[in-house]
Amino acid sequence: MANPTIIWTKIDEAPALATYSLYPVVRSFAKEAGVDVEQRDISLAGRVIATFADYLEPEQRIEDELAKLGELVKKPEANIIKLPNISASIPQLKECIAELQSQGYKLPDYPEDPQTDAEKEIQARYATCLGSAVNPVLREGNSDRRAAPAVKKYAQKHPHRLKPFDPNCKAYVAHMEENDFYANEQSVVMKKGGKVSIELNGKVLKELTDVEDGEQLSASFLGARELDSFLQKTVDDAKEKDLLWSIHLKATMMKVSDPIMFGQAVKVFFKEVFEKYAKEFEEIGVNPDLGLGDLYKKLQKLPDEKRGEIELAIFETYKNRPNIAMVDSDKGITNLHASNDIIIDASMPPVIREGGKMWNKDGELQETVAVIPDRSYALMYKEILENCKREGQFDVTTMGHVANVGLMAKKAEEYGSHPTTFKIPEDGVVEVKDENGNVLMKHEVKTGDIWRLYRVKEIAAKDWIRLAHERGKLTGDPIVFWLDSNRAHDANLIKLIVEELPKYLEKEPIEYHIMAPSLAMRYTLERVRKGLNTISVTGNVLRDYLTDLFPILELGTSAKMMSIVPLLAGGGLFETGAGGSAPKHVDQFLEEGHLRWDSLGEFLALAESLRMIAQKSGDDKIMEMAKALDQANEAYLDNDNAPSRKCCEPDNKASHFFLAKYWAEALAKSSDKDLAAKFAPIAKELEENEKKILDELLASEGQAKDIGGYYHPDDAKAEAAMRPSETFNKIVDAI
């Protein structure tokens with residue numbers, strides 16, 4: 001009988017670098033309990049190569065591992081540890097393509113403005129690599145995100161610093177008041193599945209052929225004119241009140257709608273420049289959706305004199321505008337340079353952490369107007385910011401924990417809406433019709449409006465309700481459904497909860513509430529300030545936002561959260577915490593050989609992965625391996641072995657040594673005699689060589705590293721850079 005197998009995903013940036021060091025440890029330890037660990041490449045570069053295999057030499061081709069994993073997650077044996085990957089924007093995708101081309105991969109260029117059928121076909125193929133291409137494929141289950149008790153205790157014992165709010169703090173969240181997605185939402189529950197078409201003025205925009213019985217379809221749009229006037233108002237208000245101006249969107253996951261809103265913000269902020277140089281911008285193919293950074297690149301096509309004139313005009317604009325939030329003050333990279341730099345779930349928590357402030361061009365913190373156009377999500381951020389202005393900053397040493405149960409199975413809600421989101425090309429009416437021509441939903445729209453349809457399968461929603469009840473039962477904490485009855489989509493989910501939840505409550509009562517997001521936030525914060533724990537139960541987008549917001553406030557980072565996805569077919573997907581793939585960590589590593597990525601999320605995910613195998617199989621040896629890893633994780637935290645942020649101090653590589661040492665020590669004391677006999681000498685060897693190993697690891701720091709590529713590293717070079725201790729390597733590889 002084949003050994004149970006854990007799939008470890010090969011992904012991007014910082015966690016990919018960390019894997020070169022951690023994976024050999026994981027594989028060597030797990031095999032002693034009869035568990036195989038295998039890697040699968042679902043990195044951005046890997047997906048590009050697989051998508052265009054027909055363009056490449058035979059030796060360059062790789063299989064479409066994402067598609068294969070998409071099949072695996074529908075089987076009960078699935079056990080996947082999924083590390084954070086790039087949700088690529090167009091500029092990132094273009095950089096990745098250019099790097100692969102430089103490595104000899106004869107890939108076609110990305111056509112921004114395709115004219116021929118061939119160019120359109122190439123763009124469509126590349127589109128499958130953009131945005132959240134990985135997560136919807138793998139997430140065939142709902143999300144259970146929480147902090148391990150040991151992680152929460154550690155954060156309370158070693159609190160990170162939250163900056164106080166000034167008594168007269170002027171920071172605020174700005175949102176649209178009309179004609180946004182919140183205002184225009186409609187929703188239907190399909191009694192009978194079948195074909196559904198989306199039509200604009202009778203012309204088919206998209207046909208859906210896989211709508212299921214009981215599936216919920218929702219649709220809404222955001223008015224382009226109202227968005228423009230709203231953005232202009234925020235810019236003017238920030239200037240008048242001497243506040244920093246910042247835009248917060250999710251242009252990676254929401255890869256059609258939010259880049260358009262981002263582009264509108266670029267055009268409004270630099271209005272005079274876009275009006276004055278409209279002709280030149282059209283000639284060189286400027287697309288504001290790609291940001292100011294791409295604009296500067298396109299300007300290189302112009303004669304030096306004209307380019308200099310436009311660059312000066314951009315510079316002069318800043319004098320008449322409010323200070324703008326900076327992604328990197330030292331490099332002059334603003335909040336409007338690239339849409340993938342301003343991911344709301346990563347950019348809004350620091351606003352709270354820093355006392356309502358963000359960094360300005362002078363490298364100083366300044367109170368900000370946080371611009372979040374759509375009220376569907378802006379209102380809950382508004383509530384927490386206003387709460388902190390009234391009540392003061394949180395106390396990390398006492399604040400309660402906010403876990404999350406998130407609806408995301410089968411591409412639930414807006415994050416699966418990319419193929420059904422459209423920038424409206426002409427005034428008219430969008431209609432959603434069933435296969436008999438009956439109009440299910442209808443919107444009057446104008447040119448430039450952003451219209452989208454999003455879906456929730458009944459099986460996914462019912463499993464979400466079950467999982468929420470299960471977490472409430474296991475913890476004794478109240479569960480709160482963050483749903484607004486004034487939103488048509490949420491109202492339909494509430495009806496389903498009212499039908500489904502009593503089936504579980506009859507046998508096992510729990511405390512539950514259904515509240516609009518702003519009220520749910522208020523209730524949760526009251527409990528947080530009293531040191532009480534609460535489980536937020538949310539849709540897909542709020543799942544993402546809250547599982548960065550609260551962990552960053554509670555733990556200092558969202559990367560330390562456990563993220564377990566019990567798959568509908570019975571398997572498990574174990575995501576290694578939120579927090580993206582940390583490009584700044586890679587920059588530091590390339591400059592000075594120091595990787596500050598903390599692999600604790602991977603450690604915690606692996607323990608849960610092993611535990612699932614043990615529970616399913618009844619294998620005591622695997623359970624001992626999982627329990628020993630639990631002990632190692634606690635020791636790692638208790639001994640404060642997380643990577644230092646500073647070069648020439650222990651980094652990610654050292655953290656993997658400590659994990660191996662603690663894991664071996666725990667196994668040496670295992671009740672399983674075979675494991676104890678195997679790991680006792682290994683533990684002794686690691687203990688005796690600790691100083692030598694750490695010295696070898698530190699000796700590699702303080703110098704630039706060549707790993708052969710950013711998006712597509714040379715494996716041999718990257719492994720050499722991340723495994724510089726010959727002593728440690730010999731011990732691990734000999735297990």
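How many disulfides does the protein contain, if a disulfide is a pair of cysteine sulfur atoms within 2.5 Å? By this rule the count is zero. The structure is a predicted model in which local features need pLDDT of at least 70 and side-chain atom pairs count only at pLDDT 80 or more, whereas totals for chains, interfaces and linings use all residues. Residues are numbered from 1 along each chain as its sequence is written, and side-chain values use heavy atoms, with hydrogens and water left out.

**Cysteines.** Select C96 and C129. C96 is in no disulfide, and the nearest cysteine sulfur, that of C129, is 8.2 Å away. That separation is too far for a bond. C96, at 0% relative accessibility, counts as buried (under 20% relative accessible area, with exposed over 50% and partly exposed in between; 1.4 Å probe, protein chains only). C129 is likewise buried, at 1%.

**Whole chain.** Zoom out next. The protein has 28 helices and 24 strands, defined as DSSP runs numbered from the N terminus (helices H or I, at least four residues; strands E, at least two). Buried residues make up 61% of the 735 residues. The C-alpha trace spans about 75 × 70 × 60 Å along its principal axes.

**Salt bridges.** The count is 67, a salt bridge being a side-chain nitrogen of Lys or Arg within 4 Å of a carboxyl oxygen of Asp or Glu.

- Select R125 and E121, whose closest N and O atoms are 3.3 Å apart in a salt bridge. The two residues are four apart in helix α5 (residues 117-127), hence separated by about one helical turn. R125 is buried at 18% relative accessibility, while E121 is partly exposed at 37%.
- Move to K433 and E199, which form a salt bridge at 3.0 Å, N to O. K433 lies in strand β17 (residues 428-434) and E199 in strand β7 (residues 194-200), so the pair ties together parts 234 residues apart in sequence. Both K433 and E199 are buried.
- Continue to D449 and R225, in a salt bridge at 4.0 Å, N to O. D449 is in the loop between β18 (439-445) and β19 (450-456), and R225 is in helix α9 (residues 224-241), 224 residues away. D449 is buried at 4% relative accessibility; R225 is partly exposed at 44%.

**Strand β21.** End at Y512, which is found in strand β21 (residues 512-515). Y512 is partly exposed, with a relative accessible area of 36%.

How values were computed. A disulfide is a pair of cysteine sulfur atoms within 2.5 Å.
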